[in-house]
Amino acid sequence: MSVVHRLTAGWLVDHLSFINQCGYEICDSFAYPDGITLDTSVTSTRDCHSASTFAATSSSDGPIPGTGDVIETEGKPAKTRYVFREEFFNVSKPHIAAAPEEQLWQGCPEASLTELKVRKLIREGTLHLVQEGLRSGFLHRTIAEPSCRKNAVPGHIGCGLAELCEMAKQLPAVNESDRQAVHVLDDETSIPEQDLLSCVTENSSNGAKIVELMGQKYLVPPKSSFLLSDISCLQPLLNYKKKYDVIVIDPPWENKSVKRSSRYSYLSSWQIKQIPVPALAAPNCLVVTWVTNRQKHLHFVKDELYPHWSVKTLAEWHWVKITGAGEFVFPLDSLHKKPYEVLVLGRVQGDVKQTLRKSEDVLPIPEHKLIVSIPCSLHSHKPPLTGVLAEFLKPDVECLELFARSLQPGWTSWGNEVLKFQHIDYFTVLQNES
């Protein structure tokens with residue numbers, strides 16, 4: 001389970017462990033045909049998703065060898081298990097070191113009353129969670145330097161997914177009556193590129209699959225579905241005809257560094273408001289929006305965006321980023337980079353009768369919680385919320401992530417880079433099993 005420790009203040013979570021419990025096991029007994037292809041799947045030996053979206057599991061990972069040849073065993077097809085590359089979570093030192101008096105246990109310079117309150121909650125809550133992590137051995141005061149023996153990973157992995165989505169808008173339009181609502185991944189099935197970009201792709205099996213796109217391979221976890229598209233091509237998600245009990249949104253917020261960079265695009269406030277959340281949300285849907293530390297964006301979500309979607313703001317949580325030794329990755333009082341990000345939680349307020357019928361399924365959301373974790377070094381690879389939201393939701397809920405860059409079992413994910421962190425080069429082979 002991704003939750004390592006749970007205290008009143010919040011949770012200490014293990015992002016890497018969550019990824020590696022998603023059941024990335026592949027049967028290697030079939031060759032890939034040309035084009036966009038699938039590998040056959042194998043029921044995961046640790047499949048915990050059939051009973052509930054939020055079912056927990058445990059793991060015992062051994063040492064990670066280098067990628068090698070597949071091992072065949074007599075009379076049985078070989079299986080390869082993929083795990084996410086550990087070096088992406090080797091955060092051993094703060095990015096900017098704080099002075100000793102500015103560490104977890106000390107105060108901060110003058111700030112607004114609201115900011116002082118937030119800092120106090122973060123400082124005290126993180127300290128308690130870090131202490132638990134040190135006691136259990138999950139965190140270590142002395143962290144070994146990352147090994148240099150691991151294979152170097154190129155700065156850019158995979159094809160340009162966002163560019164591909166932009167190109168897809170130039171393809172001939174498909175009549176709605178002819179449009180396929182969902183493409184279910186079957187064994188030994190090729191997928192035309194236009195299908196992959198024009199309808200929801202679903203892996204309904206209990207095992208992982210591999211899709212190949214523009215010569216690049218991507219891992220698709222069991223019990224997951226996704227739509228790879230531009231924001232102007234959301235109709236296939238609406239055609240999927242699912243209503244979601246949880247919607248997590250990570251918008252590409254506008255900021256100065258994004259404006260200066262040609263690598264990332266951003267959306268205006270007006271564009272974000274056009275996302276059809278009301279059409280995708282089930283009654284009493286829990287909406288969670290990631291927000292940067294700019295007060296302008298926080299006020300926009302609470303005062304404009306949520307009211308526009310008929311969402312009532314319930315809580316503000318914080319994701320706190322720490323090193324493997326339990327230090328903040330940036331000083332808590334930094335004027336620029338902060339060691340935390342904000343999550344605004346709200347609930348859809350819909351038709352009164354329909355809302356009342358489902359009110360018995362609604363559990364109260366705490367006003368403030370911390371999600372503390374060692375961050376992934378890959379840009380915008382946020383920690384999963386599956387484990388921390390579990391205690392506030394009924395079993396078997398439908399979950400959706402918008403602007404996703406990775407996939408999760410039990411979730412539908414949409415974005416123009418939705419497969420980004422599923423690229424096979426971000427993973428390594430753990431073992432071959434029969």
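## Exercises: helix 2 and its sheet

The cover over the buried residues of helix 2 includes strand 1 (3–7), strand 2 (10–13), strand 12 (311–321), strand 13 (340–348) and strand 14 (370–373). Contact means heavy atoms within 4.5 Å. Helices (H or I, at least four residues) and strands (E, at least two) are DSSP runs, numbered from the N terminus.

This is a predicted model: local features need pLDDT of at least 70, side-chain atom pairs count only at pLDDT 80 or more, and totals for chains, interfaces and linings use all residues. Residues are numbered from 1 along each chain as its sequence is written, and side-chain values use heavy atoms, with hydrogens and water left out.

**Exercise 1. Check the span of helix 2 against its number of residues.**

Step 1. The expected span is 1.5 Å times one less than the number of residues.
Step 2. Helix 2 covers residues 113–136, which is 24 residues, so it should span 34 Å.
Step 3. Its end C-alpha atoms are 35 Å apart, which agrees.

**Exercise 2. Find the buried residues of helix 2 and place the helix on the strands.**

Step 1. Buried means under 20% relative accessible area, exposed over 50%, partly exposed in between (1.4 Å probe, protein chains only).
Step 2. Among the buried residues are Val118, Arg119, Ile122 and Arg123. Gly125, Thr126, Leu129, Val130 and Gly133 are buried too.
Step 3. Helix 2 lies across strands 1, 2, 12, 13 and 14. It runs at about 125 degrees to strand 1. Axes are lines fitted to C-alpha atoms, for helices over the stretch in contact; angles run from 0 to 180 degrees between N-to-C directions.

**Exercise 3. Trace the sheet and find its edges.**

Step 1. Two strands pair if DSSP finds at least two bridges between them.
Step 2. Twelve strands form an open, mixed sheet in the order 1-2-14-12-13-11-10-15-16-9-6-5.
Step 3. Strand 1 and strand 5 (182–184) each have a single partner strand, so one side of each lacks a neighbour in the sheet.
Step 4. On average, neighbouring strands are turned by 20 degrees against each other, direction ignored.
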